[in-house]
Amino acid sequence: MFELFKTFFQIGLFTIGGGYAMIPLIEQKVVDEKAWVSKEELLDLIAVAQSCPGVFAVNISIFIGLKRMGGRGALVSAIGTCLPSFICILAIALVFQQFRENVYVEHFFRGIRPAVVALILLPVFRMAKSAKITRYNVWIPIISAFLIWKLGVSPIFIVLAAGIAGYAYGQYLKGDFLNS
Amino acid sequence: MITLLLQLFWTFFLIGLFGFGGGYAMLSLIQGEVVEHYHWMTMGQFTDIVAISQSTPGPIGINSATYVGYTALVNAGYEPCWGILGSFLATFAVVLPSFILMLMISKLLMKYRNHPIVENVFSGLRPAVVGLLLAASLLLMNSENFSSMSDNPWRYCISLFLFCFAFIAQKVYRLGPILIILLCGVAGIVLGL
């Protein structure tokens with residue numbers, strides 16, 4: 001039990017830059033060192049975790065914890081993954097609170113903000129590639145972005161609508177196929 | 001305060017439930033709810049939180065939930081100790097849907113992940129998530145983050161330059177996000193933005 005916690009605490013602590021950066025470390029710890037799951041199993045888990053909502057790394061840790069020790073294992077693994085974030089961010093938030101009015105801190109963050117926008121814009125192209133965006137379905141991201149950006153539609157609603165539309169379109173295709 | 005805590009919990013529960021497509025896609029949901037809908041913080045503060053979430057250990061989704069929970073309470077005028085409660089609640093709520101889903105349907109998921117209906121739903125979701133991320137970047141390109149030509153032309157031009165620099169530095173030269181953020185922050189201090 002403590003091993004699960006320790007392993008996922010380390011994974012949470014030593015990866016910077018989000019879920020996908022964690023995959024190599026998860027593989028090294030969970031497959032190579034502990035042999036909790038096989039490499040093939042991990043690849044399956046990654047595929048399922050990607051299609052589940054929520055934080056990718058937490059999903060994987062819950063999966064592995066569940067496999068090892070059931071519900072309690074899942075709980076311990078999830079806490080292990082989240083705890084380093086929680087501690088680091090709270091420490092920063094409490095310190096940042098004191099220096100918020102500092103003029104250098106303000107200049108620093110004014111320089112950072114445009115860079116952050118660029119760092120969020122880049123994954124758009126990367127994701128467009130992996131989502132197989134072509135000239136036939138490029139209208140979907142454009143319309144979704146427009147609805148959120150200009151009309152203030154909630155992204156949650158877009159996710160819901162897109163899922164339902166995908167399902168409905170599949171049913172429609174199936175019906176077409178049966179009729180012809 | 002109870003209302004704020006409940007809203008925080010409910011919001012992050014929904015974000016955890018509908019957050020398909022990883023940390024960056026989740027940022028779009030957080031932005032939509034926390035900045036646009038509830039106005040718990042300004043777009044500038046949200047951008048700072050994203051910067052810090054990207055450059056500290058841990059998944060971006062958890063980092064930003066923790067920080068947003070803290071900031072929402074402190075911005076509403078409560079003491080930092082209540083902020084800690086806020087960050088705990090937001091983090092807990094964002095993980096809860098994953099937890100419930102996994103406990104209930106992890107076996108079903110393994111079995112049916114190649115089922116046509118699941119494939120169809122994702123054929124709609126995947127392109128939309130790209131749109132979510134695009135909208136998040138467009139919303140961040142505002143005068144709070146870039147200033148404006150009429151307001152402060154110096155800061156506006158430097159901001160545009162730093163934006164292009166960060167884009168090229170990562171796309172072409174593959175510099176890590178932390179290095180880019182540090183360089184741009186130092187440039188901000190040196191140039192007196």
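**Exercise 1.** Which residues in H5(A) meet which residues in H8(B)?

*Solution.* A word on the model: it is predicted, with local features needing pLDDT of at least 70, side-chain atom pairs counting only at pLDDT 80 or more, and totals for chains, interfaces and linings using all residues. Residues are numbered from 1 along each chain as its sequence is written, while chains are lettered from A and ligands numbered from 1 in the order in which they are written.

Step 1: pick the helices, which are DSSP runs of H or I with at least four residues, numbered from the N terminus. Here they are H5 (residues 103-130) of chain A and H8 (residues 153-171) of chain B.

Step 2: look for contacts (C-beta atoms, placed from the backbone, within 7 Å). On the H5(A) side you get Arg110(A), Gly111(A), Pro114(A), Ala115(A), Val117(A), Ala118(A), Leu119(A), Leu121(A) and Leu122(A). They meet Arg155(B), Ser159(B), Leu162(B), Phe163(B), Ala166(B), Phe167(B), Gln170(B) and Lys171(B) in H8(B).

**Exercise 2.** Work out how the axes of H5(A) and H8(B) cross.

*Solution.* The axes come within 8 Å and cross at roughly 40°.

**Exercise 3.** Zoom out to how chain B touches chain A.

*Solution.* Step 1: count. Chain B puts 96 residues in contact with 83 residues of chain A.

Step 1: find the largest share. Helix H6 (residues 116-140) of chain B supplies it, with 23 residues.

Terms used. Two residues are in contact if their C-beta atoms, placed from the backbone, lie within 7 Å. Helices (H or I, at least four residues) and strands (E, at least two) are DSSP runs, numbered from the N terminus. Axes are lines fitted to C-alpha atoms, for helices over the stretch in contact, and angles run from 0 to 180 degrees between N-to-C directions.
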